[in-house]
Amino acid sequence: MFVNEKKGLYIKAKEGIISVIEIQGENARRMNINDFLRGNNIQIGEKFE
């Protein structure tokens with residue numbers, strides 16, 4: 001996983017890399033990944049459920 005507030009969020013998958021453009025938490029509004037990263041600290045190895 002590569003996280004950069006300006007470049008975005010990239011997740012390693014089995015056959016490539018996923019570039020996250022938008023994200024939506026449970027009971028939350030959908031938002032641009034760059035806006036989300038400015039307010040949230042994501043660490044390498046963190047799991048999303």
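I take a nonpolar core to be a set of buried Ala, Val, Leu, Ile, Met, Phe, Trp, Tyr and Cys residues joined through side-chain atoms within 4.5 Å, where buried means under 20% relative accessible area, exposed over 50%, and partly exposed in between, with a 1.4 Å probe and protein chains only.

**Basis.** I am working on a predicted model, in which local features need pLDDT of at least 70 and side-chain atom pairs count only at pLDDT 80 or more, while totals for chains, interfaces and linings use all residues. I number residues from 1 along each chain as its sequence is written, and side-chain values use heavy atoms, with hydrogens and water left out.

**Chain.** I looked up the secondary structure, taken as DSSP runs numbered from the N terminus (helices H or I, at least four residues; strands E, at least two), and found 5 strands and 1 helix, in the order β-β-β-β-β-α from the N terminus on. Of the 49 residues, 16% count as buried. For the accessible surface, computed by the Shrake-Rupley method with a 1.4 Å probe, I noted about 4,400 Å², with carbon and sulfur atoms holding 47% of this area. I then looked at contacts, meaning heavy atoms within 4.5 Å: among those in the chain with a separation of 6 or more, 40% are between residues 24 or more positions apart.

**Core.** The largest nonpolar core has 7 residues, and I list them as L9, V20, I23, I33, F36, L37 and I42. Helix α1 gives the most to this core, contributing 3 residues.

**Salt bridges.** I searched the whole structure for a side-chain nitrogen of Lys or Arg within 4 Å of a carboxyl oxygen of Asp or Glu, and the search returned 2 salt bridges. One pairs E22 with R30, where the closest N and O atoms are 3.6 Å apart; E22 counts as partly exposed because its relative accessible area is 46%, whereas R30 counts as exposed because its relative accessibility is 55%. Another joins the side chains of D35 and R38, at 2.2 Å from N to O, and I note that both residues lie in helix α1, 3 residues apart, or about one turn of the helix.

**D35.** I went back to D35, which sits in helix α1, residues 33-39. Is D35 exposed or only partly exposed? D35 is partly exposed, because its relative accessibility is 41%.
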